[in-house]
Amino acid sequence: MLSVNCPNCGAEVVFRSPALPVKVCDYCRTAVTRIDDGVRAAGEMAVLPFDVSPIRIGTRGRFDGQGFDVIGRVRWGWSDGAWNEWLLLFADGRDAWLGEAMGQFMLLFEKPLEGSLARVVSRLAKGGDATIGDKAMIDGIDYQVADIKDAVCIACEGELPFTAPAGWKVKSVDFRSNTGACASFQHDGTEASLYTGRYVTLAELHPQDLRALDGWTIPSFAA
Amino acid sequence: MSDPAINAITCPACGGTVEMRAAGYSVTIVCQYCSSVLDVANPDVRIIERYQEAARALAIPLGTRGTLRDVEWEAIGYLGRSEGGYYPWEEYLLFNPYHGYRWLTTDGRGWSFGTMLTATPDYVSHGVLSVNGETYDAFFRGDAQVDYVLGEFYWRVAAGEQVQTADYVRPGTMLSFEGNESERNWTLNELLSPKEIRAFGVDPPRPWPGSGRPPLPHQPSPYGANLKSFLKLGLITFAALIFIIILFGRKGEPQAFTMALTPGREAISQSFGPIMLPRPRQAVTISAEAPGIDNLWVDIDYALVDRKTQASYEAYGLVEHYSGRDSDGAWSEGSRDKTTKLAVVPAGTYDLVVDASASRWSGSGSSSSYATDGWSGSEPSVSLDIRIAPGGFFLSNFWLALIVVIVPIGFLLWRHASFETARRNESDFAASDSDDDEDDE
């Protein structure tokens with residue numbers, strides 16, 4: 001854990017994961033970036049619009065027997081909506097994304113784009129296109145392209161593996177299977193990344209410290 | 001500490017305050033005052049389509065909450081839909097920030113609770129899909145359109161929007177597909193019981209056949225469950241019958257007695273005993289046999305008398321045998337033995353009192369060697385063997401009981417079949433035999 005003062009406002013900024021280079025200051029929304037001899041300010045991030053997500057920074061949970069904390073979030077928008085991607089830091093130091101869209105959750109780990117790739121994935125990685133229904137086998141699982149979106153970063157908060165400036169454009173392609181396994185591909189014009197995992201329910205993550213919302217009862221699985 | 005769950009926005013068309021209940025998810029809101037379609041994907045609310053008309057009154061006013069399957073849901077959106085203007089149905093979008101979205105769907109014949117699937121169904125065979133190990137049969141295929149919109153939605157919804165649909169069913173659940181070139185979604189719609197839908201303040205519709213409309217595609221036969229329980233009950237009853245027959249029908253050790261009767265004489269009364277009946281209640285089987293008799297009948301009155309209470313259980317038996325020769329040749333009829341049963345006799349020590357008389361038959365005369373001296377005292381005596389044993393199997397009771405079990409099962413089977421025919425006749429994939437039924441009507 002690294003504790004520094006925000007180069008912009010002086011507030012305490014805590015980096016929990018040694019592997020993550022960016023933390024958005026909770027007070028002034030400055031992106032504080034780690035450099036060799038300390039930190040530097042990398043611009044002010046946009047304000048997150050109001051939403052009623054049940055997740056917040058500090059929510060804890062378990063996945064496959066391993067505890068995690070929610071430490072960061074990027075909100076993406078596209079022509080017909082928006083979604084959240086929450087960054088999870090696991091007890092063993094790994095991180096993962098909890099995608100939250102249309103009230104459904106996908107838990108995804110980054111998978112290096114190397115070795116032999118499914119044809120659709122390798123075409124996408126080269127900047128090509130995909131079509132709904134295209135088939136791809138990743139790690140022995142049959143997927144189909146379920147969703148293709150041109151997304152724009154709206155805002156971000158907390159610790160992140162990258163600076164996520166508002167207006168940052170990515171192509172996002174989601175894959176589904178008949179087992180609940182899912183995958184997501186993102187390409188921002190220079191870099192491509194692939195994430196694999198599965199759909200989860202909030203209940204099976206045994207969440208703690210969910211966000212309380214007026215008029216709604218926090219479910220018993222999170223009590 | 002709790003954050004607000006409602007975001008109030010001002011309708012740019014009419015200035016009304018519209019409550020957004022799923023901020024961050026909602027993309028489209030139809031203003032509840034002026035019906036204008038608003039884009040709320042961004043903080044600056046834009047008008048997509050401007051209207052000035054009062055919103056339709058809904059069976060479930062938006063904002064209504066109800067608990068279904070242990071989770072509280074709020075109705076936040078409403079869609080009026082149809083197949084090109086025909087077969088209209090309604091869909092309510094339900095929301096709970098901790099559980100996401102669900103659907104409440106009705107076409108007036110019943111209500112279903114829909115959950116969008118995150119895994120695509122498995123292909124089993126032509127027209128058959130499976131989800132979570134349960135199979136669904138193809139029922140209907142079509143194109144659905146949106147006719148009317150109110151409230152808020154997590155996608156850009158508009159009247160006139162069209163999708164392809166396909167429905168697959170199993171009793172109680174419908175698996176629905178909706179898709180276009182950019183999206184494919186599968187939803188599992190579980191039929192709600194009339195009691196469950198009352199949670200949203202809705203009166204459940206009358207079920208088939210009182211409704212006058214065909215059953216819902218995924219409506220389970222109301223007789224199916226009864227049929228199952230009657231079949232189960234029938235099996236249990238049958239097993240119990242067999243058990244009772246074995247238990248109570250099991251004969252005890254028989255006791256045998258013999259009487260000598262002279263045909264034509266006064267009835268002889270003889271008492272045999274003691275006869276021990278050990279069980280609290282039992283049947284008693286008494287059999288009589290008069291070996292070798294011919295053209296004779298023996299009337300037998302039995303009285304089983306309790307030594308202690310003098311209670312008497314009475315029965316009657318008759319053994320008879322006749323033979324002769326006429327124009328058709330030799331004939332014989334009657335039976336030289338006869339079994340008589342007493343149904344329920346309590347435990348005790350009994351005497352069997354037998355009153356028996358043998359009589360000579362001389363009706364057809366000539367061939368009988370004794371015929372000429374009919375009432376003579378020189379008749380040889382007839383021996384009557386009597387056996388008595390506790391227990392006995394009443395076959396007639398068994399059949400009666402079996403009928404009592406089978407008749408309601410048969411009735412239910414018939415009702416079940418007519419329900420299933422009415423249900424399947426609605427299907428695009430109706431089996432050929434149910435088409436025939438339709439033609440017959």
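Hi everyone, thanks for coming. Some housekeeping before the tour. Residues are numbered from 1 along each chain as its sequence is written, and chains are lettered from A, with ligands numbered from 1, in the order in which they are written. Because the model is predicted, local features need pLDDT of at least 70 and side-chain atom pairs count only at pLDDT 80 or more, while totals for chains, interfaces and linings use all residues; side-chain values use heavy atoms, with hydrogens and water left out.

Let's begin with chain A. Its secondary structure is one helix and 15 strands; here helices (H or I, at least four residues) and strands (E, at least two) are DSSP runs, numbered from the N terminus. How compact is chain A? Its radius of gyration is 18 Å, close to the 17 Å from the globule rule for 223 residues, so chain A is as compact as a globular protein of that length. For the record, that radius is taken over C-alpha atoms, and the rule is 2.2 Å times the number of residues to the power 0.38. Along the principal axes, the C-alpha atoms of chain A fill a box of roughly 50 × 45 × 35 Å.

Of the 223 residues in chain A, 50% are buried. By buried I mean under 20% relative accessible area, with exposed over 50% and partly exposed in between (1.4 Å probe, protein chains only). Chain A carries 22 positive and 29 negative side chains, and the centres of the two sets are 2 Å apart. In that count Lys and Arg are positive, Asp and Glu are negative, and His and the chain ends are not counted; each charge is placed at NZ of Lys, CZ of Arg, CG of Asp or CD of Glu.

Now let's zoom in on one strand of chain A. A:Y195 sits in strand β15, residues 192–200, and A:T196 is in strand β15 as well. Are they buried or exposed? A:Y195 has 8% relative accessibility and counts as buried; A:T196, at 15%, counts as buried too. Leaving out residues up to four places away in sequence, A:Y195 touches several residues, including A:W97, A:E110 and A:S184, where contact means heavy atoms within 4.5 Å. A:Y195 and A:A96 are 99 residues apart along the chain, with their C-alpha atoms separated by 8.9 Å.

On to chain B, which has four helices and 23 strands. Its radius of gyration is 41 Å, well over the 22 Å that the globule rule gives for 441 residues, so chain B is more spread out than a compact globule. The box filled by its C-alpha atoms is roughly 130 × 60 × 35 Å along the principal axes. As for burial, 43% of the 441 residues count as buried. Of the contacts in chain B with a separation of 6 or more, 64% are between residues 24 or more positions apart. Chain B has 35 positive and 56 negative side chains, with 6 Å between the centres of the two sets.

B:K341 lies in strand β22, residues 337–360, and is partly exposed at 36% relative accessibility. B:K341 and B:R213 are 128 residues apart in sequence and 56 Å apart in space, C-alpha to C-alpha.

Most residues other than glycine have a negative phi, and most peptide bonds are trans. Where is there a cis peptide bond in chain B? One joins B:G273 and B:P274, with omega about -5°, and B:P274 lies in strand β18, residues 268–289. B:N132 has a positive phi, near 50°, in the loop between β12 (128–131) and β13 (134–153). B:N295 also has a positive phi, about 50°, and lies in the loop between β18 and β19 (296–306).

Finally, the interface. The contact takes 39 residues from chain B and 37 from chain A. About 3300 Å² is buried between the chains, 54% of it from carbon and sulfur atoms; this is the accessible area (1.4 Å probe) that the two parts lose on being put together, summed over both. Which three residues supply more than any other three of the area that chain B buries against chain A? B:Y25, B:Y98 and B:T118 do, with 24%.
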